[in-house]
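Subject: Structure for your review

Dear colleague,

Please find the structure below, with its sequence. My notes on what was found in it follow directly after.

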Amino acid sequence: MDKRLLFVFNPFAGKGQVKDNLCDLIDIFTKNGFEVTSYPTQSPMDGYKKVRADAADYDLIVASGGDGTLSEVVKALMEQETKIPLGYIPAGSTNDFASSMEIPKKMTDAAQAIMNGVQFDYDVGEFNGQYFVYVAGFGAFTDVSYETPQNAKNTFGHAAYVMEAIKRLPKISGQDMIVEHDGERIEGNFILGLVSNTVSVAGLRKLIADGVCFDDGLFEITLVNTPSNPIALQKTIADALFNKLTNEKCFITFKTSRVKFISKNEVPWTLDGESGGAHKEVEIINHKQALRLMIAPDDKTAEQKLVNSLETNNE
């Protein structure tokens, strides 16, 4: 047994699912020839610190938890000198990344998919010097994921996000923004802005434009214009919550590898569902194929992933 695997997991994510499956997961890794080191995170950013310090000693990193745990591990891997493969086992309440990448929901199936998988190099975002995995956003509901109480997430799952979002409807207002990309300048008042590399944000799929490609070096940008009156505003937001967009004229969408946002006031942002701080100016850059993932080769995007894997292995 000459391969080493570091398993970093959040023991409290998604009703403590990892703890219930821990022996089975380690058994799967061991049967596939890995010497396994398990590390339950103890506090926010603990997973980042562990992976940053020790990743170079391992052949494979596996992370399990919600999107926050994944984001911590990816940030640490982006600071390594070489690409170290990463597997992800979802255990949170919504798991947008896992949904986009079609990772199995059953934890043991996800672990086996990592063991049988192919390498796929995925784009990673940089936000004013901070790395994020699949989305940076401002405006309506972008802070819901980290402000929803953990006990509510564990009890109600994705429904907890929707309930928290509905409570905020009367308080939503837009942000005056200048958006610059590829020589173009867009000015407007927006209730929501997303810079993403995913087909789902907070479980909502209608907010993201079609044609998402995870390794093309381009983000999907979604800007939602603030409606002209409170009734139209509430209808637009309610439609978005329930995946029924009836007024697509409110939306501006485009693709780019680099985008800049400028505002008069400091605007709160979120990165992968966690707080990204408040900023007047934000520059976001796509790092093409910067993260090496282990992905099952049997989903609907398998052909593209397998081609990329073969090209990578032949370099």
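For the helix pair described below, axes are lines fitted to C-alpha atoms over the stretch in contact, and angles run from 0 to 180 degrees between N-to-C directions. Please note that this is a predicted model.

Overall composition

The protein chain holds ten helices and 13 strands. Of its 315 residues, 54% count as buried. Contacts between residues at least 6 apart in sequence were also examined: 74% of them join residues at least 24 apart.

Helices H1 and H5

The axes of H1 and H5 come within 9 Å and cross at roughly 30 degrees. Because angles under 35 degrees count as roughly parallel, H1 is described as roughly parallel to H5. The crossing in which H1 passes H5 is right-handed. On the H1 side, the contact is made by Gln 17, Val 18, Asn 21, Asp 24, Leu 25, Ile 28 and Phe 29, while H5 contributes Met 107, Thr 108, Ala 111, Gln 112 and Met 115. Sorted by class, the residues of this contact are seven nonpolar, four polar and one charged.

Helix H5 spans residues 107-116 and is mostly covered, with seven of its ten residues buried. The buried residues of H5 are Met 107, Thr 108, Ala 110, Ala 111, Ala 113, Ile 114 and Met 115. Their cover includes helix H1 (17-31) together with strands E1 (3-9), E2 (34-40), E3 (60-65), E4 (86-90) and E13 (274-295).

Lys 31 also belongs to helix H1. Lys 31 counts as exposed because its relative accessibility is 64%, and the cut-off for that class is over 50%. The side chain of Lys 31 is joined to that of Asp 27 by a polar contact of 2.7 Å.

Helix H2

In helix H2 (residues 46-54), the buried residues are Asp 46, Gly 47, Tyr 48, Lys 50 and Val 51. These buried residues pack against strands E1, E2 and E3 and against helix H3 (67-77).

Ala 136 is part of strand E7 (residues 135-139). Its relative accessibility is 0%, so Ala 136 counts as buried. Beyond its neighbours within four places in sequence, Ala 136 is in contact with Phe 127, Gly 193, Leu 194, Val 195, Trp 269, Thr 270, Leu 271 and Ile 284. The C-alpha atoms of Ala 136 and Ser 275 are separated by 9.8 Å, and the two residues are 139 residues apart along the chain.

His 181 is located in strand E8 (residues 175-181). With a relative accessibility of 8%, His 181 counts as buried, since the cut-off for that class is under 20%. A polar contact of 3.0 Å links the side chain of His 181 to the side chain of Asp 182. When residues up to four places away in sequence are not counted, His 181 touches Ile 186, Phe 254, Thr 256, Arg 258 and Val 259.

With kind regards

Technical notes: Residues numbered from 1 in each chain as written. Predicted model: local features only at pLDDT ≥ 70, side-chain atom pairs only at ≥ 80, totals over all residues. Heavy atoms only, no water. Helix = DSSP H or I, 4+ residues; strand = E, 2+ residues; numbered from the N terminus. Buried < 20%, exposed > 50% of the residue type's maximum accessible area, 1.4 Å probe, protein only. Polar contact = N/O pair within 3.5 Å; in protein donor to acceptor, adjacent residues only side chain to side chain. Contact = heavy atoms within 4.5 Å. Parallel < 35°, antiparallel > 145°, perpendicular 65-115°, else oblique. Left-handed = near helix turned anticlockwise from the far one by under 90°. Nonpolar A, V, L, I, M, F, W, Y, C, P; charged D, E, K, R; others polar.
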